[in-house]
Every structure is written in structure tokens, then in C-alpha cells.
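Morning, everyone. Let me put the structure up, and then I will walk through a few places in it.

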Amino acid sequence: MKIVNGFDIMEYAKTNNYILPAFNTTNLEMTYAIAKGLNEAKLPGYIQISSNNLRLSNPDAIVYLTRNALKKTDVPISLHLDHGKSYGDVKACVDAGFTSIMIDASHLSFEDNIKTVKKAVEYCHFYGVPAEAELGSIRGKEEDIVSEADAKTDPDLVSDFVERTKCDLLAVSVGNVHGLDLTPNIDLPLLKKLSEISPVPLVLHGGSGIPFEIIQKAKQYGLIKINYGSDLRKAYISTFGEAYAKNHNECNVIELSIKSVENVGQKVKELVTIINRN
Ligand SMILES: [Zn+2]
């Protein structure tokens, strides 16, 4: 299939009552693995890459790899920029062919967050691409994303934020964390409250480590997208790490790379299936 537009995949998820997982890629192997896993599970989702990971595989390279990976798939898959750091990154990704965008200005003051998001949203909307923004801040460390701040999303700010920025998806901080070093503790009453106020669907970052029963409940509270980074990175890195631990002369990069696609793909299939189990 072609890379599906972000608005269309959201509509598809709402119609079919799916939660959309968004899996982080960095390179060819992970991109292929995510497409493979979603296709085998026959469920939709996102391939996403964070701004910082674009230092190696630039937006054009990721679009090229994604288009190639999707030639063999027949489930809806969108390509999303995760934690877009700047207007420049957002523009580069939209121009390259990304079909969904996050602009993360949650570390700024409320007014500056609005200003930054609004500008990015205008660019995205001109090209028919939806934009995710974050309100509150998510604690933890996951590769490039490091935050000590732990500010849960303030329900009183949600309406104003969404109305003024015109964002299409809202990433919230409700006890979810980035990376595997901290344990998530999801505040479901807060999530419920946010979903009642928010005019747009909600996103949870830091899916790795959140119990599936909680995700099931979160689905009733407006959750449409959940991000998975660490689980996949672990499956990828351990493929090479275990081979090296077994044999320090291991040099078969192609076989291990193929195996990493297999291992990451299995993880993708497992996660997308379990979060959509009824
Ligand atoms: Zn995140």
C-alpha cells in the first residue's frame, strides 16, 4: 500500500475501534520490521521516527525505505514524525512525504508552546497532514529524549491549548514515562477527565511497560495512539548483542540484520495484537 494519510488512518481507527500503535524506527531493518509485523497482524499503525534519529536516516531516506517496505503490505500504515523538535524538522518531513507530524514544544512555557505548535500546525494543515502536540511533560529517558520534569497535563489548560493551536492529536502526561528505567503508573481518572475535555483524541507516549489492561481502559477514554520505542529497540539490539556474546568472532551482519527484522517484527505483531484484543 501507499503511505496512508494521517487523517485517514485516524478515521479508519475510529470506524473500526482500533488503537493505533506507533512504532519507532531508526533504520532500514526497523522500518521493514514494523511494516512486516503490522501486516502479519493485519492491523493498522504508524511507523514513526524521532527528530534526533533523523541525523542518520534523513527524512527522504526514511520515506524511501517506508515506501519500499509498504510495497508488500495491505494494512493502513502512516509515517509519523515523533517529537519534532523544530519547525525546520516538521517542514523537512512534510516536504519529504511524512503523512503525520508531532511538534513537541512541551518544554516551553504554555504561551510559547502554543506559538510553536500553531506555526507547525499551519504548515501541516496546508498539506493535509495532521499534527500532534504535547501538553505537560513526560518523565524519563529514551535515547534522545531526556526529561526530569514530571508535570502531568493540567485539564484546565486543554481546551484553550487545542483550540488555539488547532492540533489534531494531544499527547498527555498521566504517569506515563519514556524508556525502561522508570515504571509507568497511569492515572486513569485524570485520563478520563482529559478525554472529556479534549476536543481531539489522546496519545500516550511510553507504551513499553504499560500493562495491557490499562491500555484497554484508556481506549474508553479517547486514546487513539500509543507509542512504542523501547520494546523494539531492545529486540533489535539484543539480536546483535546475543550473537556477539556467544561468539566474539561473529561477523555475519546480513544474517543478523535479517534476524533482527524477524525479531522486531515479532514484537510489533505481538504488541499491536494484544492492544487491540477485545
Ligand atoms: Zn515520546
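Predicted model: local features only at pLDDT ≥ 70, side-chain atom pairs only at ≥ 80, totals over all residues.

Start with helix 10, residues 253-275. Helix 10 has 23 residues. From first C-alpha to last it reaches 33 Å, close to the 33 Å expected at 1.5 Å a residue.

Its partner here is helix 9, residues 230-246. How far apart are the axes of helix 9 and helix 10? They are 9 Å apart, and the packing angle is about 150°. Over 145 degrees counts as roughly antiparallel, so that is what we call helix 9 and helix 10. The crossing of the two is right-handed.

Now the residues that meet. Helix 9 brings Asp231, Leu232, Ala235, Tyr236, Thr239, Phe240 and Ala243. Helix 10 answers with Leu256, Lys259, Ser260, Asn263, Val264, Lys267, Val268 and Leu271. By class, that contact has 9 nonpolar, 3 polar and 3 charged residues.

Which residues of helix 10 are buried? The list is Ser260, Val261, Asn263, Val264, Gly265, Lys267, Val268, Leu271, Val272 and Ile275. Note that Lys267 is on it. And what covers these buried residues? The cover includes helix 9, helix 2 (28-41) and helix 8 (212-220). It also includes strand 1 (20-24), strand 2 (45-50) and strand 11 (223-228).

Next, one residue from that cover region. Met30 sits in helix 2. Met30 has 27 other C-beta atoms within 10 Å, so it is buried. Met30 and Gly265 are 235 residues apart in sequence. In space, their C-alpha atoms are 8.0 Å apart. Leaving out residues up to four places away in sequence, Met30 touches Thr25, Leu232, Tyr236 and Val264. Leu232 and Tyr236 belong to the helix 9 side of the pair, and Val264 to the helix 10 side.

Last topic: backbone angles. Two residues have a positive phi without being glycine. One is His83, with phi of about 50°. The other is Lys166, with phi near 65°.

Where do they lie? His83 is in strand 3, residues 77-84. Lys166 is in the loop between helix 6 (155-165) and strand 8 (169-172).

Buried or partly exposed? His83 counts as buried, because it has 26 C-beta neighbours inside 10 Å. Lys166 has 15 other C-beta atoms within 10 Å, so it is partly exposed.

That is my tour. Over to you.

Key: Residues numbered from 1 in each chain as written. Axes fitted to C-alpha atoms, helices over the stretch in contact; angles between N-to-C directions. Helix = DSSP H or I, 4+ residues; strand = E, 2+ residues; numbered from the N terminus. Parallel < 35°, antiparallel > 145°, perpendicular 65-115°, else oblique. Left-handed = near helix turned anticlockwise from the far one by under 90°. Contact = placed C-beta atoms within 7 Å. Nonpolar A, V, L, I, M, F, W, Y, C, P; charged D, E, K, R; others polar. Buried ≥ 20, exposed ≤ 12 C-beta atoms within 10 Å, placed from the backbone. Expected span 1.5 Å × (residues − 1).
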